[in-house]
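Reader: Hey, could you walk me through the ring contacts in this one?
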Amino acid sequence: MNIINKKFDLGDGRMIEIESGKLAKQADGAAVVRMNDTMLLATVCAKKEVGENVDFMPLTVDYQEKYAAMGRFPGGFFKREARPSEHEILIARLVDRALRPLFPDNFHAEVQVLITLISGDKDTMPDQLAALAAASALAVSDIPFNGPVSEVRVSYLDGKYVINTPMQDIERAELDLIVAATEENIMMVEGEMKEVSEDIMLGALKAAHEAIKIQCRAIAELTIAAGKTEKREYCHEVNDEELRQRVRDAVYQKCYDFSKQGIANKHQREDGFAAIKQEFIDANYTEETLTDEIQFMIDRYYHDVEREAMRDMVLNERTRLDGRQLDEIRPIWCETDYLPSAHGSAIFTRGETQSLSTCTLGTKLDEQKIDGAVIEGTRRFLLHYNFPGFATGEVKRSGSTSRREVGHGHLAWRALKEVLPSETECPYTIRVVSDILESNGSSSMATVCAGCMSLMDAGVKIRKPVAGIAMGLISKGDKWAVLSDILGDEDHLGDMDFKVCGTRDGITACQMDIKVDGLSYDVLAKALEQARQGRLYILDKICETIPAPRADYKDFVPRIEQIQIPKDFIGAVIGKGGEVIQKIQAETNTIINIEEVGEMGIVDVASQNKDDIAAAIKWIKDICTVPEVGQVYNATVTGIVEFGAFLEFLPGKEGLMHISEYQWGRTETLEGILNIGDQLEVKIIAIDEKSGKLKLSHKALLPKPEGYVEEKPARREGPRGDNHNRPPRREGHGDDRRQGGNGRRH
């Protein structure tokens with residue numbers, strides 16, 4: 001067994017280890033990457049044969065976290081790992097975007113990369129090691145790959161850049177990015193920020209790239225040690241160079257001239273370019289001579305010429321496919337409060353891209369529970385992105401949420417979560433849903449804009465409006481052009497797709513994919529500044545429509561009021577088996593949630609009726625009230641005995657009114673005078689220091705008759721005092737479990 005091992009230092013004494021040759025030896029390539037106690041196993045396999053007429057890279061990247069890696073059981077009925085979570089999908093997408101551009105253009109064999117968390121610790125996030133593991137597996141295989149490539153996490157903490165940030169420090173970081181790069185070029189960036197400047201972001205990219213260079217050198221050494229410097233031979237394309245040249249000669253200038261017309265309508269442009277190709281086919285082939293193989297090659301060659309002509313037109317003419325200037329934003333129109341029954345709604349339309357977004361406000365019971373192998377907890381802000389086929393005029397089967405939908409929604413979620421009010425200021429669970437109704441580029445950025453407006457329309461007091469813009473880049477030799485608010489075609493033909501979201505004061509989220517070698521930081525700085533200007537323009541359009549959040553929530557939005565109670569009273573409010581809290585909810589028509597935080601209980605009371613909320617809060621406060629001598633209450637008779645009556649003066653709190661404390665003068669019996677359920681005003685006249693028992697008096701609230709002489713009362717107590725023949729207590733203190741209305745802990 002030939003085991004290869006490489007170790008390198010992150011620069012601060014923390015070590016990363018790469019091992020190959022011990023596990024999964026039948027895969028084309030396999031490697032284990034370890035940092036602290038976090039270990040990832042990555043495997044890669046490629047088919048030897050290629051499907052007929054395949055002209056793309058059929059790459060599949062999957063990431064899975066084993067619960068055993070953290071010493072935990074999976075949740076759910078089946079108690080086993082099942083379909084990937086959104087967290088796992090997002091990590092797989094990060095790796096896919098780092099690897100995909102580096103396979104040879106004409107390599108079309110199906111490749112599968114599997115990355116598995118086999119050991120984990122609470123200090124080391126596995127996402128920052130996933131691409132390193134995958135690239136290491138490719139490095140020890142014979143699969144053609146233009147690497148090495150790797151990823152790191154970079155954070156901006158206390159004025160410094162930190163690589164592969166410890167988990168407990170990520171929350172307080174001003175910037176948190178995952179960056180992928182080769183030794184020469186940055187390939188992919190994604191992350192979130194707390195309104196940082198463009199300069200801080202550029203500094204983070206530089207710091208990340210320096211760390212990645214060390215990892216790429218280690219991977220290169222691994223390839224040499226494994227003896228895999230020579231990759232497998234392949235020939236996946238059938239080409240006709242004479243046909244390729246004929247296509248170029250016939251259509252290049254036509255595509256260039258058509259691109260200059262500046263047609264804004266996407267379908268008209270598509271039809272125009274399709275007509276140019278069809279004209280070439282009609283002039284050179286008949287139905288009999290046009291074979292499937294020739295048609296396939298013409299499609300491929302024409303696509304390449306169309307792309308080249310469009311790129312050259314932009315670089316030479318400095319105008320866009322739809323006639324815009326390089327930094328010009330498409331026409332924008334917005335509308336809020338479009339849906340009468342939604343808590344908040346907004347339409348954001350930019351050119352031929354449109355998002356209809358809604359905002360729904362719920363209680364703490366609506367929070368999303370996160371039960372991953374590594375990350376556990378709850379999430380009070382959710383954002384979902386939907387992209388139906390009709391958005392691009394296509395017939396598309398409706399199925400489960402796609403990875404693209406998960407990724408675009410997560411980017412918008414990152415952009416908006418930074419400006420949300422605190423849970424104290426806004427105790428709601430918030431869900432934003434963006435339905436893309438039209439798409440011609442930048443639909444994720446339209447989601448950010450429409451989502452922001454729907455939050456404001458719902459009355460959520462966000463700190464500042466947020467907008468997003470997608471930037472593009474076209475470069476050739478020493479010519480380059482940065483494009484603002486790119487079209488779908490410009491995304492496809494360009495060398496960079498750079499999405500930037502933020503407020504007027506800084507960036508809150510970004511996503512970048514670079515498809516060209518040698519992109520300088522000067523060009524990147526230009527793209528960031530142009531993106532900032534575009535973002536400010538879009539923010540102006542948003543604020544023209546809705547300048548600030550609504551002053552109040554809409555009438556039909558459930559109201560939530562929050563109070564704090566001492567932790568010791570939580571059990572009394574809940575009651576045995578939840579009976580007390582269920583009774584409060586039923587009689588006041590509210591939803592109540594109690595959460596223990598430190599020495600206090602945080603109580604959320606929700607209802608559409610403010611009077612119902614007030615009644616529930618009074619009930620809860622009464623339960624938590626500590627009785628004092630001299631206080632007067634309107635009490636309810638709960639039991640009558642020979643020597644007096646028991647009365648409940650607060651929810652769950654009772655005291656004894658001795659028969660002598662009912663009125664001035666002698667009373668032989670309370671039978672027939674008082675009945676269970678009667679209301680009686682009483683005063684607390686004494687509290688037993690040892691037992692805490694309360695003594696009540698109605699007599700103390702009545703005027704003393706003139707000339708009244710106190711009579712010595714006949715002894716009516718049993719040998720054990722006031723507790724003789726006492727009815728069962730009704731305080732509801734028997735169950736100290738933290739239960740809500742359905743008997744479950746919240």
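Author: What follows is a quick chat about aromatic pairs and charges over rings. It's a predicted model, where local features need pLDDT of at least 70, side-chain atom pairs count only at pLDDT 80 or more, and totals for chains, interfaces and linings use all residues. Residues are numbered from 1 along each chain as its sequence is written, and side-chain values use heavy atoms, leaving out hydrogens and water.

Reader: How many aromatic pairs does the structure hold?
Author: Ten. Rings of Phe, Tyr and Trp (its six-membered ring) pair if their centres lie within 6.5 Å; planes under 30 degrees apart are stacked, over 60 edge-to-face, the rest tilted. One of the pairs is Tyr 252 with Tyr 256, tilted at 6.2 Å centre to centre and 40° between the planes.

Reader: Why are Tyr 252 and Tyr 256 about one helical turn apart?
Author: Because they're four residues apart in helix α5, residues 241-259. Helices here are DSSP runs (H or I, at least four residues), numbered from the N terminus.

Reader: Are those two buried or exposed?
Author: Both Tyr 252 and Tyr 256 are buried, meaning under 20% relative accessible area with a 1.4 Å probe, protein chains only.

Reader: Ok, new topic. Which charged end sits over the ring of Trp 664?
Author: That of Lys 699, 4.8 Å from the ring centre. The cut-off: NZ of Lys or CZ of Arg within 6 Å of the ring centre and within 35 degrees of the ring normal.

Reader: And what sits over the ring of Tyr 521?
Author: The charged end of Lys 206, 5.2 Å from the centre of that ring.

Methods:
Helices (H or I, at least four residues) and strands (E, at least two) are DSSP runs, numbered from the N terminus. Buried means under 20% relative accessible area, exposed over 50%, partly exposed in between (1.4 Å probe, protein chains only).
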